[in-house]
Amino acid sequence: MTEPLATRRTVIFDESVHVHHLLDRERVLGPVLLAPLLIYLAALVGVPLVTVFIYAFSDATTGSEGFSFVGLETFQRTVADPVFQQAIRNTIAFTLIAQVIVIVLATILGYVMTANFKGKWIVRFLVLLPWTTPVALSSLAWLWMLDSLFSPFNWILGELHVVPVGTPVAWLGETGLAVGSVIALQAWRTLPLAAVILMAGLTSIPPELNEQAEVDGAGFWRRLFDITFPLLAPIMMVAILFGIVATFTDMAVVFILTRGGPGDATQVLASWSFYTGIQGGSLAQGAAIGIFMFPVLLGVCILMLRRASSVEVT
Amino acid sequence: MAEVEVREIRKTFGVTSALDGVSLVCKDGEYLVLLGPSGCGKTTLLRIIAGLEEPTGGDILIGGKSVKALPPRARKIAMVFQSYALYPHKKVGQNISFPLEALGMPREERDERVRWAAGLLEIGHLLDRKPRQLSGGERQRVALARALVREPRVFLLDEPLSNLDAKLRASARLELKQFQQRVGVSTIYVTHDQVEAMGLGDRIAVLNRGRLQQVGTPDSIYNEPANTFVATFVGSPPMNLLQRDGKLVGFRPENVKVVKKSTGRDGSTVFACHLLRIENLGSDRYVYVSVKDDRGEAKLIAKLAMSEQIDVSANDDADLVVERRYLRFFDRETGDRRTDA
């Protein structure tokens, strides 16, 4: 009776498989699984970040390998620069205005995408489309759309006799229009993600709550502002934070569309940092400009992490 | 307070028919229970009365006037959902005052009415809490207070007890009934639980597959079922049915005696049976038997009080004795009730 059982046991506990024992230990398995991510983060985020801080307190240039530390001197020079002041104002203004537009449009799109109608999938597809295009590519496409000679907008406006034919609008050539174009493009490209986040938020609100409010005598606006929006607020916050990060740090749109111009009217921190540090050769000042984005992004990150850890499920 | 009437209500979702010509009246101040299995259309009917669902055909009258064209907020009704649908971001007090705010009532008046409703349901101490801090029973009271606060013409309740645990459900049932008797508002109550229906309803409307099966007092629903569906849906265990001489004969399990050999008293019918199993349930015992009928064999249940002595045991052949006044006859084809012949 005991013979077959014993034979089977030796098969189950095959002691030759030592590797399994090693990976079965959490102390080994945990670090092994974490290592790729940590190495990636250290090499591609950690090292550059530390380098930027070192450069910002130095006199480094792209021309020489060596550099010496100069304390806060670079910062003083940076802050005194009127273009820098313009860039920091623009970065904040573009981000805020674009995100206000995005949150309004994303809420409307969220409603449209959760509504039940024929052809719903094509609307969802079209809304998501900008998200799937790389920023550089879509910015190039917009560059053509806003070209003073070839702009389809100019053509349409001309056909409608809004502007006289032969005097095209210089979308990227006039200060006001260029600022408007940059903001519009920032809003356009961050809208899809916000719309999807809000769509998910709207779906997560139990339909009975709105039905209950309807029976309780509330009209459309009261239901919107008293029931839906308060319940949507936490997820709206998430969409806004994502949008702020995407807009605040972006340089591709400005770089491709206006190169900061006309003059320095559309210069933002990211683009100005690039022009000063890489094209202008002053690594130290480029780094110092970049560091001014740090406190805002740090604040947003802290808010996001708090949000994520305190999500309230009712 | 008002009478509610639905006339020939039909509702189809695509090709499936949820309600197929239902006409029903809930009298002023009445407690009407809509009873039926899940998917029978009872909740759809309630939502149509509330205005949350548009009927495909038919009319809804509240207080004698058609409300078919009115949106829910203009119907002056109150509804309590199965989930209670408390606004999670509002405190209890704000939840209760919400319908009053929607009416545009001034603040002092609102506060006074909230206190009145909260007092009636004994939740005055909870007004500053958020719904998630409440127990199931407390949530139910808040939902009722919110329904009550603007003195609606009709209460619509959609399985409000199904989220409570069994122990709480019995006491909540009692409270619901007392509460309705105190405020005297017409109430339409949806449930699939026949015990709730029997215990709460002044009248019960039994629905199945979108059609009204029977409307009547709990007593008549139980004792004079209109068809085999009502007979077997209401009652636990359900009414016994067996086919004899081309007719369906039914009788309630508790109206049966099981004896070794019947003496054949007058006014009784005796069925020869075979005992399969006896189940002891504390206060009662269920005796499972098989009886020969037209189709071969029918499995029946007898429910006997424990206080009653029996002289049979499993696998015995015995006699099932039913007084003739307890026998109900149904049509074999349609299942409809036939006159007792």
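Reader: What radius of gyration does chain A have, and what would a compact globule of 314 residues have?
Author: Chain A has 27 Å, while a compact globule of 314 residues would have a value near 20 Å. The radius is taken over C-alpha atoms, and the globule rule is 2.2 Å times the number of residues to the power 0.38. This is a predicted model: local features need pLDDT of at least 70, side-chain atom pairs count only at pLDDT 80 or more, and totals for chains, interfaces and linings use all residues. Residues are numbered from 1 along each chain as its sequence is written, and chains are lettered from A and ligands numbered from 1 in the order in which they are written.

Reader: OK. What box do the C-alpha atoms of chain A fill?
Author: Roughly 100 × 70 × 35 Å, taken along the principal axes.

Reader: How many helices and strands does chain A have?
Author: Chain A has 15 helices and zero strands. Both are DSSP runs numbered from the N terminus: helices are H or I with at least four residues, strands are E with at least two.

Reader: How much of chain A counts as buried?
Author: 29% of its 314 residues. Buried means that 20 or more other C-beta atoms lie within 10 Å of the residue's own; 12 or fewer is exposed, and in between is partly exposed, with C-beta atoms placed from the backbone.

Reader: Give me one. Where is A:Leu283 found?
Author: In helix H14 (residues 283–291) of chain A. A:Leu283 counts as buried because it has 24 C-beta neighbours inside 10 Å.

Reader: Which residues does A:Leu283 touch, not counting those up to four places away in sequence?
Author: A:Tyr55, A:Ala60, A:Thr61, A:Thr62 and A:Gly277. Contact means that the C-beta atoms, placed from the backbone, lie within 7 Å. A:Val52 is 231 residues away from A:Leu283 along the chain, yet their C-alpha atoms are separated by 8.8 Å. For chain A, 68% of the contacts with a separation of 6 or more are between residues 24 or more positions apart.

Reader: Switching topic. How many residues of chain A are in contact with chain B?
Author: 16 residues of chain A, against 18 residues of chain B. On the chain A side, helix H10 (207–215) and helix H11 (220–248) each give two or more residues. The largest share, six residues, comes from H10(A).

Reader: What kinds of residue are on that side of chain A?
Author: Seven nonpolar, four polar and five charged. Ala, Val, Leu, Ile, Met, Phe, Trp, Tyr, Cys and Pro count as nonpolar, Asp, Glu, Lys and Arg as charged, and the others, Gly among them, as polar.

Reader: What does B:Ile188 contact, leaving aside neighbours within four places?
Author: Its contacts include B:Val4, B:Leu34, B:Ile49 and B:Leu156.

Reader: Now sheets. In what order do the strands of the four-stranded open sheet come?
Author: S11-S12-S18-S19 of chain B, with antiparallel pairing. Two strands pair if DSSP finds at least two bridges between them. Strands S11 (240–244) and S19 (337–338) of chain B each have a single partner strand, so one side of each has no neighbour in the sheet.

Reader: How many bridges join S12 and S18 of chain B?
Author: Three, between residues 247–251 and residues 328–330. In one of them, B:Val249 partners B:Phe329.

Reader: Which way do S1 and S2 of chain B pair?
Author: They are antiparallel, over eight bridges. B:Phe13 partners B:Thr16. Their hairpin has two residues between the strands, and B:Gly14 there takes a positive phi near 65°.

Reader: Which residue other than glycine has a positive phi near 45°?
Author: B:Ala85. B:Ala85 lies in the loop between strand S6 (77–80) and helix H2 (92–103) of chain B. B:Ala85 counts as buried because it has 25 C-beta neighbours inside 10 Å. B:Glu151 has a positive phi too, near 50°. B:Glu151 is partly exposed, with 13 other C-beta atoms within 10 Å.

Reader: Last one. Which residues does a cis peptide bond join?
Author: B:Ser236 and B:Pro237, with omega about -5°. B:Pro237 lies in the loop between helix H8 (228–233) and S11 of chain B.

Methods. Two residues are in contact if their C-beta atoms, placed from the backbone, lie within 7 Å.
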